[in-house]
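Please look over the structure below before reading the numbered points, which move from the whole chain to a single residue.

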Amino acid sequence: PRAELQMVIDSQTVRIAALTGQVDTLSGQLGQLTSDHNAVYVVVGTREELIEKGVVVPEGSRRFFLVGSRPVAPARDLDPTVFTRLDRRTDRTIVLPDGEYRIISRHSPGHATAELTKNGALVGALSIEEPEQFWNGSRFLILMKS
């Protein structure tokens, strides 16, 4: 009987170890999924830099028949590797390099606060007050230097 009990104990120990391994694996996967779900991306640059990186593309007609630049819009397929990855849960302030910027992507500035110039350009930093609403339109924030 003692040998039989030891066999049961040994098999239960092996089973517990296997279940512990599965729990660790699932915990790691959950952490990765949570991290991926909360990943957002930011890129800041001049019109030329953003076009060169493939982040924005010229669209529509020129402002003045033959001269002037065409307006830009976010590219349809965005490459996360040209962006800076942030976590929307913890990264609430985006410090901008010197200069004036405007949001090119579909993000509502109503869910963030920033110092604005007279012409409505952002300067200094962008503080995201309501991350869920701000990032709802897109995970890719594009800021272009004016």
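1. The protein carries 17 positive and 18 negative side chains, and the centres of the two sets are 7 Å apart. Here Lys and Arg count as positive and Asp and Glu as negative, while His and the chain ends are not counted; each charge is placed at NZ of Lys, CZ of Arg, CG of Asp or CD of Glu.

2. This is a predicted model, in which local features need pLDDT of at least 70 and side-chain atom pairs count only at pLDDT 80 or more, while totals for chains, interfaces and linings use all residues. Residues are numbered from 1 along each chain as its sequence is written, and side-chain values use heavy atoms, with hydrogens and water left out.

3. The protein contains three helices and nine strands, which are DSSP runs numbered from the N terminus (helices: H or I, at least four residues; strands: E, at least two). The C-alpha atoms fill a box of roughly 95 × 30 × 25 Å along the principal axes.

4. His107 sits in the loop between strand 6 (101-103) and strand 7 (112-116). His107 is buried, with a relative accessible area of 6%, where buried means under 20%, exposed over 50% and partly exposed in between (1.4 Å probe, protein chains only).

5. His107 and Ser138 are 31 residues apart in sequence, yet their C-alpha atoms are 7.0 Å apart in space. The backbone oxygen of Ser138 lies 2.9 Å from a polar atom of the His107 side chain.

Key: Polar contact = N/O pair within 3.5 Å; in protein donor to acceptor, adjacent residues only side chain to side chain.
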